[in-house]
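Me: Could you take me through how a few local features are read from a model?

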Amino acid sequence: QVQLAESGGGLVQAGGSLRLSCAASGSIFSINAMGWYRQGPGKQRELVASITSGGSANYADSVKGRFTISRDNAKNAVYLQMNSLKPEDTAVYYCNVDLKVVGNPVRYIYWGQGTRVTVST
């Protein structure tokens, strides 16, 4: 019923920038919070940033001042602008969307397929 399409990962040198995108499509009634998580090699998945339907953003301490999350409600999309990238930002990044589908009052959490970000020294 709902699909999340991620794009924007890749290989970048330390200090560089990347922009991740995630668009939700399907039988969507409403979207609440949207966010980005990441899982580095040998690490647990962790929250990177989230944004409410009203636009309030929250960031992990490790990315504050370097990453910016934004959303386009008309496109059901969330973005992550990543600047001043460091090797420790290397991970698979997953978008996460809290939404309701048409005809169902229950909120569901959907995950993107993941996009790999590699930051070289």
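Predicted model: local features only at pLDDT ≥ 70, side-chain atom pairs only at ≥ 80, totals over all residues.

Reply: Residues are numbered from 1 along each chain as its sequence is written, and side-chain values use heavy atoms, with hydrogens and water left out.

Me: Which residues does a disulfide join here?

Reply: A disulfide is a pair of cysteine sulfur atoms within 2.5 Å, and here Cys22 is joined to Cys95 with an S to S distance of 2.1 Å. Cys22 lies in strand E3 and Cys95 in strand E9 (residues 91-101), so the bond ties together parts that are 73 residues apart in sequence; strands (E, at least two residues) are DSSP runs numbered from the N terminus.

Me: How is an aromatic pair described?

Reply: A pair of aromatic rings is described by the distance of the centres and the angle of the planes. Rings of Phe, Tyr and Trp (its six-membered ring) pair if their centres lie within 6.5 Å, and planes under 30 degrees apart count as stacked, over 60 as edge-to-face and the rest as tilted. The structure holds one such pair: Tyr37 and Trp111 are edge-to-face, 5.0 Å centre to centre with 65° between the planes.

Me: Where does the charged end of Arg45 sit?

Reply: A charge sits over a ring if NZ of Lys or CZ of Arg is within 6 Å of the ring centre and within 35 degrees of the ring normal. The charged end of Arg45 sits over the ring of Tyr94, 3.8 Å from its centre, and Arg19 lies over the face of Tyr79, at 4.2 Å from the ring centre.

Terms used. Helix = DSSP H or I, 4+ residues; strand = E, 2+ residues; numbered from the N terminus.
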